[in-house]
2 protein chains.
Amino acid sequence: MTERAHAELDGLALGIDLGASKIELGLVDGTGRIGERNRLDTDPDPERALSAVVEAAHHLLDRARRDGAKVTAAGAGAAGQVDSEGGILRTSPNLERWTDVPIARRLADALDLPVTITNDLNAITLAEYAHGAGRGLERGDGDLVVLYVGTGVGGGVISDGRLLEGAHGYAGELGHTALVAGGRPCSCRSSGCLEAYVSGWAIAVRAREAVGDDPEAGEILVQKAGGRDRITAATVARVAAAGDPLARRLVEETGRLLGAGLVSVIHVFNPRKLVLGGGVIDGIPDLVPAAAEVVRERAMAVFLEDLEIVPATLGEDAGVIGAARLGRLHAAERSRG
Amino acid sequence: MTERAHAELDGLALGIDLGASKIELGLVDGTGRIGERNRLDTDPDPERALSAVVEAAHHLLDRARRDGAKVTAAGAGAAGQVDSEGGILRTSPNLERWTDVPIARRLADALDLPVTITNDLNAITLAEYAHGAGRGLERGDGDLVVLYVGTGVGGGVISDGRLLEGAHGYAGELGHTALVAGGRPCSCRSSGCLEAYVSGWAIAVRAREAVGDDPEAGEILVQKAGGRDRITAATVARVAAAGDPLARRLVEETGRLLGAGLVSVIHVFNPRKLVLGGGVIDGIPDLVPAAAEVVRERAMAVFLEDLEIVPATLGEDAGVIGAARLGRLHAAERSRG
């Protein structure tokens, strides 16, 4: 799917952001604006969850029809490994019963719309590329990477205007690339991944360890969190912002580690824009310039000439906007044969 | 450039493999077979080197014309960072005077042929994809990664049938991605890169250090190399094959480190085939199964379902074959408008 086959389709597209804790639905126009929207808690049982999605979607579609608007396609982004061609969520790290769920077919049958699904980060990447931080790239053939640092770390890649999907749609797992091979255990089967150092859960683990190593230096962190085991990345962010030396050291380390990860991403993809988003970035915006400094010191010079490292701009709406865009693009491609 | 716009052009294409120590030229047919060929030493002065290339190329072209063959295009792969759109070799790690050399224009003017240039590993990747280890992938939309472990470490990526180039053509520097952030100094501006652990030069550095740490265990290595500072990756390979415990340990470590690097590549690209080539792989073929074992243990399961990790098959001819193919593909695209 190329962005050149862009979204000339009129009308609205339904975007669905299937997260581990909540599901967002929205009707999105061709400019990336969300109109009517809806939010559900994610049921651990996929069949029950999809029934609720269908109901919520019908609600939105009925309202659109009453208003005389045409909804032409739907897209969904799901947290996990998505077989994009088959429309199947293969596995989801935080939803163990969501294994081999044929989401696209299930929704297409129930909604009578063409439905395309992808990984949640791919949806976010499409949204930031077309309507967010990526705007201004050469139309249709830009090179952009999105790295999301939240509870976990995920990524998405636009190469020459196209979403990088790999053989089955699983590509772009930038959080599960080596940062320190043989290092900290990761949430995946490996160790030493970027996620095991800079994600929200990893910052919490590193902070708890640091406090254990030096309880005196960690006093404020423990106090503000209400206990050592309750320290989160948000505690670290808050306490660092107030000037606590240990928390600041953790943030500085995180910036350097993230920067080392970005150097890899840049050498692999030679992007024009590298977009950083997610809860940890939003909570500790200083990480963006700190990581960018490491990149300027460490990446090969030719890669830096017109590279921009920028924060994401669409926030939590990106998933719905990008899922809708994906649905729209695929429907447009299909209608052209 | 898609592989779908495949090489229907009849006739021959000139392929040029511009390496740091030698330059290979060959006339290649549409099936990837090299006919007439030629080899030069690489002159450190780019102008003198390109004059020699032009002379050698004219020699090949004249012979082809006398035989009634038509040469329709030329391509070159150069060791370094290549601005593919501008046809310029920007920098080359081992040829310091080869900076901002407009190779494509210089050759096109002198040879009166359309000339396209790319990075040497991209050329190798195109060759292995179309005519080597990648054969058998779905025609035109395969996902394949080539990782070359030689003196340095380089890579090339075919995503959905297209060469991954990035914004300017510099993409695919898989050797300069983090393996152990903050670790061993690399040949680039960074440290801890994959190249700093598994390349030929890095194996030599690691072996010399290991011998320094334990001279007794290193006795055979030193003896076979003719001195500690003369130990190379080839010495390690030879002595390990003869059963020396220290050399074997170095090879085993290299396999594990390479495997950790492959896990990253697999999580990023979700390839169907991962092709390993280069002098170190050729010299220590056991590295392929050793690294593949790490992949089976560490990569996420869905990525492994139909992944094949295979050795490259075209050897040292790959650069010429791929460069010719690139020239052919671009000329075919251009002639279509």
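This is a predicted model: local features need pLDDT of at least 70, side-chain atom pairs count only at pLDDT 80 or more; totals for chains, interfaces and linings use all residues.
A residue counts as buried when its relative accessible area is under 20%.

Helix α1(A) covers residues 46-66, which makes 21 residues. From first C-alpha to last, α1(A) reaches 30 Å, close to the 30 Å expected at 1.5 Å a residue. Its N-terminal end is capped by A:D45, where a side-chain oxygen lies 3.2 Å from the backbone nitrogen of A:E47. Past the other end, A:G68 takes a positive phi of about 80° just after the helix.

Which residues of α1(A) are buried? They are A:P46, A:A49, A:L50, A:V53, A:V54, A:A56, A:A57, A:L60, A:L61 and A:A64. An α-helix has 3.6 residues a turn, so residues three or four places apart point the same way.

Now turn to the contact between the chains. Chain B and chain A each bring 47 residues to it. About 3,900 Å² is buried between them, and carbon and sulfur atoms give 53% of that area. Four salt bridges are counted between chain B and chain A. One of them joins the side chains of A:D160 and B:R162, at 2.5 Å from N to O. The two chains also have 26 residue pairs in polar contact.

On chain B, the elements giving two or more residues to the side that touches chain A are β6 (88-91), α8 (245-269), α10 (287-298) and α11 (301-304). Helix α8(B) gives the most, with five residues. By class, this side of chain B has 20 nonpolar, 14 polar and 13 charged residues.

Conventions
Residues are numbered from 1 along each chain as its sequence is written. Chains are lettered from A and ligands numbered from 1 in the order in which they are written. Side-chain values use heavy atoms; hydrogens and water are left out. Contact means heavy atoms within 4.5 Å. Buried area is the accessible area (1.4 Å probe) that two parts lose on being put together, summed over both. A polar contact is a pair of N or O atoms within 3.5 Å; within protein, one must be able to donate a hydrogen and the other to accept it, and residues adjacent in sequence count only if both atoms are side-chain atoms. Helices (H or I, at least four residues) and strands (E, at least two) are DSSP runs, numbered from the N terminus. Ala, Val, Leu, Ile, Met, Phe, Trp, Tyr, Cys and Pro count as nonpolar, Asp, Glu, Lys and Arg as charged, and the others, Gly among them, as polar. The expected span of a helix is 1.5 Å times one less than its number of residues. Buried means under 20% relative accessible area, exposed over 50%, partly exposed in between (1.4 Å probe, protein chains only).
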